[in-house]
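Trainee: I'd like to learn how to read a structure like this one, feature by feature. Can we go through it together?
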Amino acid sequence: MRLTGKVAVVTGAGQGMGRAIAQRFADEGATVVAVDLNEEAAKQTLEGKSGKHLARSVNVGDSAAIDTLFAEIKQNLGSVDVLVNNAGVGSVDQFADITDATWERVIGVNLNGAFYCARAAVKQMQEGQGGAIVNISSTSAVSGDGPAHYCASKAALMGLTRGMAKELASKKIRVNTLVPGPTNTPMMQGIPQEWADAIIAGVPMGRMAEPDDIAKVAVFLASDDSGFVTGQNVAVNGGSAFL
C-alpha cells in the first residue's frame, strides 16, 4: 500500500471526487481526515474503512477554523503528510450578473480555502519529513469554458502551485495541480441531457471521467511514486484539453 503511515487531509470529501480520493487513500493505508461542510457525508465517506480516520465539518474559507482543525489533527494523529485541496464551488451566473457576494464565495472557497489549508499543512510538513500537496483545478482554467469567476479561481490555483513548488522543494514538500476534465460528479448530475451530450462529444475518449479516475492519479501524486514530480499540471481529461 502506497500511503501507509501517512496522515492525509482531503477537503470536499463528502461526495464526488473528494469522496473517491479519500476512500482510495484509506485503501492505500493512509489515515484520512475527511473535511466537508456536511459532516455526515464526510463520515459516510469513511464508513467501513479500517483505521483511525476523522471526519470534520469545516468551512475551508474560514482561516481560523482551518488553523484549529490542523492543530487538532497534529494533536490526535500527528503531523500532516498529504493534503488534497479538493473543496470547490461554482455558479452559473453570466459575467455581468456576478455579485460581490458570489465572487467572494467562489474565490473564498476555491482559492483562499486552498491557501489556508496549504499554509497550515506546510507548517507541519516542514517540521517533519516533508510532504505532498495536490491542488484540484479544472480544465476550465485553460479552456475558459465555464463561469468567469470559476475559471479565474481554478487558474489561480495553478499559479499558487508553481510558486509553492519552487519555494518548498528544498524542504521536501512537493506541490502539484491535478486538472480534471468533465467528471461524473453530483455537480454534473441534473444538467440537461443535451448539455451532457455536448460535453461528452468534446472528449476524444467518448465519456466523462469517473471520480475514481481522478482518485487514482491523486494517489500517485500523493505517494513516493511521484517523488521527483513537483510544480506540474497533471491533466486527467480523456484528451479534452492539452496543458
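This is a predicted model: local features need pLDDT of at least 70, side-chain atom pairs count only at pLDDT 80 or more; totals for chains, interfaces and linings use all residues.

Trainee: Okay, so is R207 buried, exposed or partly exposed?

Mentor: R207 has a relative accessible area of 42%, so it is partly exposed. Its side chain also meets that of D213 in a salt bridge, at 3.0 Å from N to O.

Trainee: How should I think about salt bridges, and how many does the structure hold?

Mentor: The general idea is that side chains of opposite charge can pair when their charged atoms come close. In this structure there are eight salt bridges. Take R2 and E28, whose closest N and O atoms are 3.4 Å apart. R2 sits in the segment before β1 and E28 in the loop between α1 and β2, so this pair ties together parts 26 residues apart in sequence.

Trainee: Are R2 and E28 buried or partly exposed?

Mentor: One of each. R2 is partly exposed because its relative accessibility is 36%, while E28, at 14%, is buried.

Trainee: Which parts of the chain does the pair R24 and D212 link?

Mentor: The two side chains meet in a salt bridge at 2.8 Å, N to O. That pair links distant parts of the chain, with R24 in helix α1 and D212 in helix α8 (residues 211–222), 188 residues apart. R24 has a relative accessible area of 27%, so it counts as partly exposed. D212 is partly exposed too, with 27% relative accessibility.

Trainee: Let's go inside. Which residues touch the most other members of the largest nonpolar core?

Mentor: A nonpolar core is a set of buried nonpolar side chains joined through atoms within 4.5 Å. The largest here has 31 residues, and V9, I66, F70, I73, V80, L83 and I133 touch the most other members. Two or more residues come from each of β1 (7–11), β2 (31–36), α3 (63–77), α4, α6 and β6 (173–180). The top contributor is α4, with nine residues. A second, separate core has 30 residues, among them L3, V10, V219 and V236.

Trainee: What is V9 in contact with?

Mentor: Leaving aside neighbours within four places in sequence, V9 contacts V33, V35, F70, I73, V80, V82, L83 and V84.

Trainee: And where does L178 lie?

Mentor: L178 is in strand β6, and it is buried because its relative accessible area is 0%. Beyond its neighbours within four places in sequence, its contacts include V134, I136, I214, L221 and V236. L178 and V84 are 94 residues apart in sequence and 9.6 Å apart in space, C-alpha to C-alpha.

Trainee: How much space lies in the largest cavity?

Mentor: About 40 Å³. Its lining includes T11, V60, N85 and K154, and α4 gives the most, with four residues. By type, the lining residues are six nonpolar, four polar and one charged.

Technical notes
Residues are numbered from 1 along each chain as its sequence is written. Side-chain values use heavy atoms; hydrogens and water are left out. On a 1 Å grid over the protein atoms alone, a cavity is a set of points where a 1.4 Å probe fits but cannot get out, and a pocket is an open set with protein on both sides within 12 Å along at least five of seven lines; lining residues have an atom within 4 Å of a point. Grid points are joined across faces, edges and corners, and a volume is the space filled by probe spheres set on the points. Ala, Val, Leu, Ile, Met, Phe, Trp, Tyr, Cys and Pro count as nonpolar, Asp, Glu, Lys and Arg as charged, and the others, Gly among them, as polar. Buried means under 20% relative accessible area, exposed over 50%, partly exposed in between (1.4 Å probe, protein chains only). Contact means heavy atoms within 4.5 Å. A salt bridge is a side-chain nitrogen of Lys or Arg within 4 Å of a carboxyl oxygen of Asp or Glu.
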